[in-house]
Amino acid sequence: MTAVTDIKPADERELVLTRLIDAPREKVYRAFTDPELLKQWFAPLPWTITEAELDVRSGGTNRFVMRSPEGELYPNQGVYLEVIPNEKLVLTDAYTEAWKPSEKPFMTAILTFEDEGGKTRYTARARHWSAADREAHEKMGFHEGWGQCADQLAALVAKL
C-alpha cells in the first residue's frame, strides 16, 4: 500500500487521506459495508470496535461502538447520504437516524474507491462543520489514526 499526498483539501474545513490498496475495489468496499469485517479494522489498535450495525443505503443508519484500551465505550451513529456500490459512500453524523438531527454534528465523510490497475485508490475526505472542528480532528490524530486504519484495512482485504 502506498500513501499519496498530492490530494489537497478542498478548504480549511476538510481533511484528506488517500491510499493505493493492493486489492480490487469490491473487496475494499465490502470491508466498509460488512459489519463483521468493519469490526476487524475500523479502529486504530489497541482500540477495537465492539458493535457494528450498518444499513448501507441512502438514508440508512450506521452505528458502531469503539472501545478504548482502558475499556471506555464510545458509541457513534450516523446516516448514509449517498451509496454507490464499489465506488462511493457518503455518511454523516449530522443525523442519528431517519433524518433525526444529532446534538452536535461533527463531520461528513466522503469515501471513494477507484480502480487503478486492479488496485484500489481509496480516498477519505472528512468535511467538518467548522475550521475549529477540523483542527480538533487533526489534533486528535486524524492522519495517524485514519492512516493506521487504512493499513489495517489493506491487510484485511489482502486476506479476503
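Biologist: Which residues is phenylalanine 32 in contact with, leaving aside its neighbours within four places in sequence?
Modeller: Phenylalanine 32 is in contact with Leu38, Trp41, Phe42, Leu54, Leu89, Leu111, Phe113, Tyr122 and Leu153. Contact means heavy atoms within 4.5 Å. This is a predicted model, where local features need pLDDT of at least 70, side-chain atom pairs count only at pLDDT 80 or more, and totals for chains, interfaces and linings use all residues. Residues are numbered from 1 along each chain as its sequence is written, and side-chain values use heavy atoms, with hydrogens and water left out.

Biologist: Which residues touch the most other members of the largest nonpolar core?
Modeller: Phe32 and Tyr122 do, in a core of 35 residues. Helix H4 (residues 142-159) gives the largest share of this core, seven residues. A nonpolar core is a set of buried Ala, Val, Leu, Ile, Met, Phe, Trp, Tyr and Cys residues joined through side-chain atoms within 4.5 Å. Buried means under 20% relative accessible area, exposed over 50%, and partly exposed in between, with a 1.4 Å probe and protein chains only. Helices (H or I, at least four residues) and strands (E, at least two) are DSSP runs, numbered from the N terminus.

Biologist: Now strand E2. Why is it largely enclosed by the rest of the structure?
Modeller: Because eight of the eight residues of E2 (residues 14-21) are buried. Glu14, Val16, Thr18 and Leu20 point one way, while Leu15, Leu17, Arg19 and Ile21 point the other way.

Biologist: What joins E2 to E10?
Modeller: Eight bridges, with the two strands running antiparallel. Strands pair if DSSP finds at least two bridges between them. Isoleucine 21 has threonine 120 in E10 as its bridge partner.

Biologist: Is threonine 120 buried or exposed?
Modeller: Threonine 120 is buried, at a relative accessible area of 0%. Its side chain reaches the backbone nitrogen of arginine 25 at 2.8 Å. That is a polar contact (a pair of N or O atoms within 3.5 Å; within protein, one must be able to donate a hydrogen and the other to accept it, and residues adjacent in sequence count only if both atoms are side-chain atoms).

Biologist: Different topic. How many bridges join E3 to E4?
Modeller: Six, between E3 (residues 48-54) and E4 (residues 61-67), in an antiparallel arrangement. Threonine 48 stands opposite arginine 67 in E4. In their hairpin, with six residues between the strands, glycine 59 takes a positive phi near 90°.

Biologist: And how do E4 and E5 pair, over how many bridges?
Modeller: E4 and E5 (residues 73-84) pair in the antiparallel sense over seven bridges.
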